[in-house]
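Please keep the sequence and the three-dimensional view at hand while reading.

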Amino acid sequence: MTALALPEDLSSHPVAGGRTGAFSLETVSMTKVFGSLVALDDVSIKVGAGEFHALLGENGAGKSTLVKCIMGFYQPTRGQLLVDNREVLIKAPADAQAAGIGMVYQHFTLVPCLTAAENMVISRADAPAVIKWAKEKEELQAFMERMPFRVPLNTVAADLSAGEKQKLEILKQLYLNQRFLILDEPTSVLTPGEADEILGLLHDMARAGDITVLMITHKFREVNAFADRVTVLRRGKLAGSGSVNDLSTDDMSKMMIGEAQMREKAPRLARVEPKSTIEIAGLSVDDNEGMRAVDAVNLKIRGGEIVGIAGVSGNGQSELVEALAGQRSLAGGAVIVNGRRFDATRKDFADLKVFGLPEEPLKNAAVKRMSVSENIAFRSFDKAPMASIGWWLKPAAMRDNAVRLIDKYHVKTPSAETPIENLSGGNVQRTILARELSGDVNVLIVANPCFGLDFASVAEIRAQLIDQRNKGAAILLVSEDLDEILELSDRVAVMSGGQITYQAPIDETDRNTIGKYMAGH
Amino acid sequence: MAQAETSFATPPAYDTARIRASIEAVAIPLGALVASAIIFSVFLTLLGKSPLQFFELVWRGGFGSSFSLQNTLQRATPLILTGLAFAIPARIGLVMIGAEGALVIGGFAAAALAIPLVSAEAPVYLTMLLMVLIAMAAGGAWNAIAGWLKHSRGVNETISTLLLTYIAIAIMNFFVEGALRDPASQNKPSTMPIGKDYMVGNIPGTDVHWGLVFGLVLAVALQVLMSRTTFGFAARVTGGNPRAALAQGLPVGTLIVVCSAIAGACAGLAGYFEVAAIHGQANASLVAGYGFTGILVAFLARHNPLMIVPVAIMFGAIEASGGLIQRRMDMPDATALVLQGIIFVVLLASDSLYGRFAIFQPKISTERT
Ligand SMILES: Nc1ncnc2c1ncn2[C@@H]1O[C@H](COP(=O)(O)OP(=O)(O)OP(=O)(O)O)[C@@H](O)[C@H]1O
Ligand SMILES: [Mg+2]
């Protein structure tokens, strides 16, 4: 407990409460029941002091539920929590904070219009009514000096990069002197480089005995590189745990999905009967500030072809996808599907059979408070058999369809009537997939489809995309994951500064060339 | 499909989470009402008045006799309509507080149209029909302006509806004090009276005018529209997540304008009944605050059209008992306003309680603090 000078310095801090060094945490027979669904069944895990512990499991296995029980967001139906071998009672997130347990979420919780410093100070449980900023800033500066990584304190959170934001989230917890950090899929918003940097630093702090880390992840690479021990959940039960050194990736994936068969990689047919084409003709789109984000982009995708758009995020990809999805108006140009202009009206979507899998489905493709059944009906609620004469809803038909698709796409949900926001992240994704891919698809616009999915679901989704390609659909795939692009695309394009700067068939290019163009050369 | 025709009933695997959520949706507003009553009681006690007597008088003045019950229902009528005028846009995610303005414009338009028709001795029912239509059209168009500005220009609909209300009142005053003024109206500038023959009568056997029936029918119709039709479904999707609605190609702009227009038409109809069943002419009495009380009604009813009816009746009772309370307890007219204000504030505060009670549900969502 020596390496970093943080313990004793922090203990003089108002919120530090004299806590020093890492501590262990244990759950005993943790059980959580939601209605008829047992999300967590008698799970006992032990995370030793100073350990970097990974929590694995397929989508809906109960990982988030477990950490939410630890954090006091949920009250467990049964079970205890031991901190440093003493039982503690956590009834609300504030209790967890007092006990020194902090959590970093997959999505940012920063206040965008406040600076990094302000974000940190207001997160304190004892933030004074009147804050003496000069003094606080000085203390923060001193605190930052002791930290292995920094962020600019006076920058507004909205202007920080994703990596910096995630660092700030972690610094916030350290500033609060939380010595047990729970990270729920912390790297899904980061580039691999940023992820490695942050996890490496946390790993070092844990090694030094300053903190304990419990990280939920779907990425074996991160587990092998940074974690000491792993625990695996399967369908709410403890499936196993052990030291990372003793377990191969294969062992871990077996623990996750049992002996279940993984979806085979779908074969890519050489000759495909094309169904339709999509042509992006001189498309220009402005961002929220009115700056040109997509600049006269031309791109044509044939039926039976996947065109992957690679690029560093923020180079116009999300604006392009939003424009194609009808979420953003065009500043110029047109989209042509099968020789007909596509204006993203409901009629166009239906007639031209254009579908989409946008990123962050809860934000872009679903209504949180509506049920799974209703969310599945978004495409078809106004057509027979779900509506008669185009006006009158038939809830029973809606439900039948939902039950069928829930079953077919293996969506794990307590019932078709559950609000979609209660589903695990991966199952929200599957619900949208079921809605968008269950019909006849001519054109598919896909953005980062595998964020936050377990490896089996990733394989499933990628196979579905190849399936659609083989059936003759024209597919546009925007992804920040170059491996995904290389695996799925027939043709690769690179987007940089709002323009397509490079295009090549997949077998005439390689990772390095693409990387060069991504970097803007 | 045979089964599809029959079963609107609760599905077999109905989730307890939903049932709990709907219990919560009733329990929290009820709790807010009780809390408001307690705060108001403290207020009364500080004034040296008896809270018990107050609530007893509200009960007696609101429901105690058939006279007071009818009085209550009469006053509830415009509140049902203005409550609907707030609730429908709320379903699509808009906070429109301009029912007062749409009511005034609707009532004024009806009174203005009546002047030539009445003087030409047009058929009674035709005149009534035309007056209803113009009141609804004027109110609807008035509020639709705000919806259109919202969609095409991104103008905040709360502010625009508030400003439109002031403009509506000014327009009415302009005409009522000028071109359309009845010379006989000395102290209170008004339009020509529409005359007894053209007034709306009472429901047979009661002292309550037909507006109540219109209000009830509209509440049921809008409930059906919002929960059983594709239009309502599209509106709910748009209200829940406009981005998702756009990505489904839903005509978000049209939906917004139509919902605004429906809301305005409800308020305009309330204006018609104020003119044609109560005052007999358009004048400053139309600006009675029904539009604003309607906001309160809609909030308490959680924007549920059917729930608006009982809530409006409760507020009708508070207003109906005003005179009795004034006389018996020697308290000013504004007392009821104080109570309404307290309810509103407590209600808004209680909005933050959803999802906080473990009994109602295993806390809803996840990745936010
Ligand atoms: N509030 C809730 N109400 C009802 N069911 C819920 C609720 N929260 C989670 N569940 C259910 O509990 C199960 C476990 O969900 P959880 O979010 O813990 O999964 P997860 O392991 O984090 O998955 P993912 O990797 O997809 O995020 C899921 O089937 C989910 O539908
Ligand atoms: Mg999760």
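A residue is called buried when its relative accessible area is under 20%, exposed when that area is over 50%, and partly exposed in between. The model discussed here is a predicted one. By this criterion, 52% of the 369 residues of chain B count as buried.

**Overall form of chain B**

- Chain B contains 15 helices and zero strands.
- Chain B is as compact as a globular protein of its length, because its radius of gyration of 22 Å is close to the 21 Å that the globule rule gives for 369 residues.
- The C-alpha trace of chain B spans about 65 × 60 × 45 Å along its principal axes.
- Among the contacts in chain B with a separation of 6 or more, 77% are between residues 24 or more positions apart.

**Strand β7 of chain A**

- Strand β7(A) covers residues 180-184, and five of its five residues are buried, so the strand is largely enclosed by the rest of the structure.
- In a regular strand, side chains alternate between the two faces of the sheet.
- In β7(A), A:Phe180, A:Ile182 and A:Asp184 point one way, while A:Leu181 and A:Leu183 point the other way.
- Strand β6(A), residues 101-104, pairs with β7(A) in the parallel sense over four bridges.
- Within this part of the chain, A:Val104 has A:Leu183 of β7(A) as its bridge partner.
- Strand β8(A), residues 212-216, also runs parallel to β7(A), and five bridges join the two.
- A:Asp184 stands opposite A:Ile216 of β8(A).

**A loop residue of chain A**

- Where does A:Pro76 lie? A:Pro76 is found in the loop between α2 (63-71) and β4 (78-83) of chain A.
- A:Pro76 has a relative accessible area of 22%, and it is therefore partly exposed.
- Leaving aside residues up to four places away in sequence, A:Pro76 touches A:Met30, A:Thr31, A:Lys32 and A:Cys69.
- A:Pro76 and A:Val38 are 38 residues apart along the chain, and their C-alpha atoms are separated by 11 Å.

How values were computed. Residues are numbered from 1 along each chain as its sequence is written. Chains are lettered from A and ligands numbered from 1 in the order in which they are written. This is a predicted model: local features need pLDDT of at least 70, side-chain atom pairs count only at pLDDT 80 or more; totals for chains, interfaces and linings use all residues. Side-chain values use heavy atoms; hydrogens and water are left out. The radius of gyration is taken over C-alpha atoms; the globule rule is 2.2 Å times the number of residues to the power 0.38. Buried means under 20% relative accessible area, exposed over 50%, partly exposed in between (1.4 Å probe, protein chains only). Contact means heavy atoms within 4.5 Å. Two strands pair if DSSP finds at least two bridges between them.
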